[in-house]
Amino acid sequence: MFCNKCGSPLNSNNECPICGINNQTINNPLPNKNDKEKIYKGVIISFLLIIVVLLGVLLLQKNSNPNQVILDQKVALVENGNVSRTVMIYMVGSNLESESGIATADIDSIDPSLVDLDHMDVLIYTGGTEKWHNFVSSEENAIYHLTSSGFEKVATYEKLNMGNSSTLSSFLTYAYDNYKNDRYDLIFYDHGGAIDGAIYDDFTKDNLSLVEFRDALEKSPFNLGNRLETVLFRTCLNGTLEVANVFDDYAYYLIASEEVTNGGGNTSVLNFLNEISKDDTAIDYGKKYIEAYDLQMQHFLLPDNHPMMYSIVDLNKVDKLGDALEHYIDNIDVDANFGDIVRLRESLFQFGYSYYNEGTY
């Protein structure tokens, strides 16, 4: 006698020792071979279906664009009006600070009573400057976090080379691990040198090259689709295609100047952070910065022909631009058109003016 449910032998009371079911006296034979094969086939088919579904999910994830997924999520957050951001300022004041106190003026302009501290964390990583005119010490590297009482030191390090990629990547990792928000914006503050990079450390005389920028981002949390919202260069000359090529895998937008930039006196530009709201897009963020820079420049007595340049670049389109430029150059016959090329080159607009100003970044 066997159990009607599981097929196990019944005891003398017609009870199944496995299921505990009381079976009536029924002459129930063991499942035959064909029944067992049906059960096994059913189980195997079920497992195969599960595997097919899982493979389908994995293939869908593999073939999907992770950057687009993250961007779509951020667009949804904006539409819901509940976006938070972490602004990370990698600041080497250099001679701009030690001689003119420009960095101090910019830091002082960030007003905690105006910044939306409920939706934005502002961090400053300091170092590489011989003399500061505020609360920052030149004998250490440190991270400061903006609170309702002003900037408070949250981390202290030995005096590290700000022109080393590991110093930058450690700052990015610290900010990401300790200040979880929907968006992350990075600001570089110092001198810039176009294809030479930016961020010139006063003590080591070293700077971050374009290769080192890429290395720092690759070793930070902002890779593999987890891109920065914006990268902003408060520097000269970093609004180039070469710089854009470095960051296009790690950020959505580049905000930088193709030209020499200026600053000094009691003017400021980082006060644009006072105007950032929780529903601002990357374009809004960039425009508010450029408007603040434009207002700052109105305080300078510059030549009438002084060029003032800043742009917001969609880094998703940089690859297409690079391909088009490469195709164009490959099809130029230099030997046959050398004279025309020279004449055209002379007539092109050139960035990097020669007018000297002590407040030049």
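Colleague: Helices here are DSSP runs of H or I, at least four residues long, and they are numbered from the N terminus. With that settled, which helix gives the largest share of the nonpolar patch?

Modeller: Helix 10 does, with 4 residues. Keep in mind that this is a predicted model.

Colleague: Which residues form that nonpolar patch on the surface?

Modeller: Leu325, Tyr328, Ile329, Ile332, Val334, Phe338, Ile341 and Val342 form it, and together they have about 700 Å² of accessible area. Two elements give two or more residues each: helix 9 and helix 10, the latter covering 334-347.

Colleague: Take Leu325. Where does Leu325 lie, and why is Leu325 called partly exposed?

Modeller: Leu325 is part of helix 9. Its relative accessible area is 38%, so Leu325 is classed as partly exposed, a class that sits between the under 20% of buried and the over 50% of exposed.

Colleague: Now charges. Which residues gather in the patch of negative charge?

Modeller: Glu218, Asp249, Asp319, Asp323, Glu326 and Asp330 make up that surface patch. Helix 9, residues 318-330, supplies the largest share of the negative patch, with 4 residues.

Colleague: And Glu326, where is Glu326 found?

Modeller: Glu326 is in helix 9. It counts as partly exposed because its relative accessibility is 48%.

Colleague: Changing topic. How many salt bridges does a search of the whole structure find?

Modeller: The search turns up 7 salt bridges. Side chains of opposite charge can pair when their charged atoms come close.

Colleague: Give me one. What meets Arg85 in a salt bridge?

Modeller: Asp185 does, with 2.6 Å from N to O. This pair ties together distant parts of the chain, as Arg85 is in strand 1 (residues 85-91) and Asp185 is in strand 5 (residues 183-189), 100 residues apart.

Colleague: Is Arg85 buried or exposed? What about Asp185, buried or exposed?

Modeller: Arg85 is buried, at a relative accessible area of 2%. Asp185 is buried too, at 0%.

Colleague: Another one, then. Which residue forms a salt bridge with Lys153?

Modeller: Glu140 does, and the closest N and O atoms are 2.6 Å apart. This pair also joins distant parts of the chain: Lys153 belongs to strand 4 (residues 150-157), while Glu140 sits in the loop between strand 2 and strand 3, 13 residues apart.

Colleague: How do the accessibilities look there? Is Lys153 buried or partly exposed, and is Glu140 buried or exposed?

Modeller: Lys153 is partly exposed, at 42% relative accessibility. Glu140 has 15% relative accessibility, so it counts as buried, the limit being under 20%.

Colleague: What is Glu140 in contact with, leaving aside neighbours within four places in sequence?

Modeller: The contacts are Thr126, Gly127, Lys153, Thr156, Tyr157, Glu158 and Lys159. For Lys159, which is 19 residues from Glu140 along the chain, the two C-alpha atoms are separated by 4.3 Å.

Colleague: Back to helix 10. Which residue forms a salt bridge with Arg343?

Modeller: Asp340, with 2.6 Å between the closest N and O atoms. Arg343 and Asp340 are 3 residues apart in helix 10, so about one helical turn separates them.

Colleague: And how do they count, exposed, partly exposed or buried: Arg343 and Asp340?

Modeller: Arg343 counts as exposed, at 55% relative accessibility. Asp340 counts as partly exposed, at 40%.

Key. Residues are numbered from 1 along each chain as its sequence is written. This is a predicted model: local features need pLDDT of at least 70, side-chain atom pairs count only at pLDDT 80 or more; totals for chains, interfaces and linings use all residues. Side-chain values use heavy atoms; hydrogens and water are left out. Patches are made of residues with over 30% relative accessible area and no salt bridge: like charges are joined within 9 Å, nonpolar side chains (Val, Leu, Ile, Met, Phe, Trp, Tyr) within 5 Å. Accessible areas come from the Shrake-Rupley method with a 1.4 Å probe; for residues, only the protein chains shown count as cover. A salt bridge is a side-chain nitrogen of Lys or Arg within 4 Å of a carboxyl oxygen of Asp or Glu. Lys and Arg count as positive and Asp and Glu as negative; His and the chain ends are not counted. The place of a charge is taken as NZ of Lys, CZ of Arg, CG of Asp or CD of Glu. Buried means under 20% relative accessible area, exposed over 50%, partly exposed in between (1.4 Å probe, protein chains only). Contact means heavy atoms within 4.5 Å.
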